[in-house]
Amino acid sequence: TLGFEAIGPQDGTVFRALKGGDEHIGYGLNLAGADTPPAGTAELYFKTESAVELQRTLTARGASTTPIVKMPFGSIFQVHTPDRHPLVMLQEPEQQ
């Protein structure tokens, strides 16, 4: 109805990746469960070419970050903000 289609290879057990008609618009949905954020929670994802380099740069500037985790849709880490809304940095998997 909204014109989004699933991006199957990036899906995980609790995550569904979707894209819009414009390749630059995309979003994901978490399925509710014990390991997901509460309903109504929004997470912002920012793409990066190198999660490792970005994490090093941000921690050198004093930012608090989580370890990098490999997910089905790419490598991610979070940056903690003063208002407790984490920002998620995403490096998509390399295309084969």
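## Close-up views of a predicted model

**View 1. Ser75 sits in strand E7.** Helices (H or I, at least four residues) and strands (E, at least two) are DSSP runs, numbered from the N terminus. This is a predicted model, in which local features need pLDDT of at least 70 and side-chain atom pairs count only at pLDDT 80 or more, while totals for chains, interfaces and linings use all residues. Residues are numbered from 1 along each chain as its sequence is written, and side-chain values use heavy atoms, with hydrogens and water left out. With a relative accessible area of 11%, Ser75 is buried (buried means under 20% relative accessible area, exposed over 50%, and partly exposed in between, with a 1.4 Å probe and protein chains only). Leaving aside neighbours within four places in sequence, Ser75 is in contact with Ile68, Val69, Lys70, Met89, Leu90 and Gln91; contact means heavy atoms within 4.5 Å.

**View 2. The largest nonpolar core of the model has five residues.** Look for Ala51, Leu58, Phe77, Val79 and Met89. Helix H1 and strand E7 (74–80) each supply at least two residues of this core. A nonpolar core is a set of buried Ala, Val, Leu, Ile, Met, Phe, Trp, Tyr and Cys residues joined through side-chain atoms within 4.5 Å. In soluble globular proteins, nonpolar side chains tend to be buried together. Met89 also leads back to the previous view: apart from neighbours within four places in sequence, Met89 is in contact with Phe46, Leu54, Ser75, Ile76, Phe77 and Val79.

**View 3. Thr65, in strand E5 (residues 64–65), pairs with Gln55 through a polar contact.** The side chains of the two residues are joined at 3.4 Å. A polar contact is a pair of N or O atoms within 3.5 Å; within protein, one must be able to donate a hydrogen and the other to accept it, and residues adjacent in sequence count only if both atoms are side-chain atoms. Not counting residues up to four places away in sequence, Thr65 touches Gln55, Leu58, Thr59, Phe77, Gln78, Val79 and His80.

**View 4. Glu92 and Lys47 form a salt bridge.** Their closest N and O atoms are 3.6 Å apart, and a search of the whole structure finds one salt bridge. The term means a side-chain nitrogen of Lys or Arg within 4 Å of a carboxyl oxygen of Asp or Glu. Glu92 lies in the segment after strand E8 (87–91) and Lys47 in strand E4 (residues 44–47), so the pair ties together parts that are 45 residues apart in sequence. Glu92 is partly exposed, at 31% relative accessible area, whereas Lys47 is exposed, at 63%.

**View 5. Pro86 occupies the loop between E7 and E8.** Its relative accessibility of 24% makes Pro86 partly exposed. Pro86 touches Leu44, Gln78, Val79 and Thr81, residues up to four places away in sequence not being counted. The C-alpha atoms of Pro86 and Ala42 are separated by 9.4 Å, although these residues are 44 apart along the chain.

**View 6. Helix H1 (residues 51–60) has the highest mean pLDDT among the elements, and strand E3 (residues 26–30) the lowest.** For the protein, the mean pLDDT is 78, and 72% of its residues reach 70 or more. Where pLDDT is low, the predicted coordinates should not be read in detail. To place these elements, follow the order β-β-β-β-α-β-β-β-β from the N terminus on.

Note on methods
pLDDT = per-residue confidence, 0-100.
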